[in-house]
Amino acid sequence: MKYKYIGCFFDLEESRALRRLSRFRGLKKRIKSLHVTIEYDPEEVDTDLFGEEIEVRVIGYGNNRRNEGLLVEAHSDNPVIQAMIDRIEVQHITLSRAPTAESVDTKHLKFREIKPLTVKGRFGGFSEELGPIVGINK
């Protein structure tokens, strides 16, 4: 199977907690499946890692009317996943964006510090056909 990206995905409860951090009603295109992208268009994906827990600490909020997002620090006890996380230029979650904006541009926001919130997500992949795939193996 081809994955568009791999990342840390959040369940409904955690997603609601993340959305409550919005200082705005959201831009026109709301991101349906909140996530931290770990790698875009990966060549190889180790699906045995799917379902591994990732702790995400939200530390900032930004919105420039094109992108709305959260600045985060992610941590995994799994050294393979942590090595992938460590390669992320700016760890973030896109909450919403303008129709002509790209989610990847959320990393360019000027984030302002907020009261930290820690949530838990799971490592998985996103397929164009099936959406998020997060096998719970732990």
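Biologist: With which residue does Glu-55 form a salt bridge?

Modeller: Side chains of opposite charge can pair when their charged atoms come close. Here Glu-55 pairs with Lys-120, their closest N and O atoms being 3.0 Å apart (the criterion is a side-chain nitrogen of Lys or Arg within 4 Å of a carboxyl oxygen of Asp or Glu). Because Lys-120 lies in strand β7 and Glu-55 in strand β4, the pair ties together parts that are 65 residues apart in sequence (strands are DSSP runs of E, at least two residues; helices are runs of H or I, at least four; both are numbered from the N terminus).

Biologist: Which residues are linked in a network of salt bridges?

Modeller: The network links Glu-53, Glu-55 and Lys-120. Lys-120 meets Glu-53 at 3.8 Å, N to O. That pair joins β7 (residues 112–127) to β4 (residues 53–63) across 67 residues. Lys-120 is partly exposed at 36%, and Glu-53 is partly exposed at 38%.

Biologist: How many salt bridges does the whole structure have?

Modeller: The search finds six. Among them, Glu-89 and Lys-107 meet at 3.3 Å, N to O. Glu-89 lies in the loop between α2 and β6 and Lys-107 in the loop between β6 and β7, so the pair ties together parts 18 residues apart in sequence. Glu-89 is exposed at 62%, whereas Lys-107 is partly exposed at 23%.

Biologist: Where is confidence lowest in the protein chain?

Modeller: Where pLDDT is low, the predicted coordinates should not be read in detail. In the protein chain, confidence is lowest in β2, at a mean of 84, and highest in helix α2 (residues 79–86), at 98 (pLDDT is the predictor's confidence in each residue, from 0 to 100). The chain mean is 92, and 97% of residues reach 70 or more.

Key:
Residues are numbered from 1 along each chain as its sequence is written. This is a predicted model: local features need pLDDT of at least 70, side-chain atom pairs count only at pLDDT 80 or more; totals for chains, interfaces and linings use all residues. Side-chain values use heavy atoms; hydrogens and water are left out. Buried means under 20% relative accessible area, exposed over 50%, partly exposed in between (1.4 Å probe, protein chains only).
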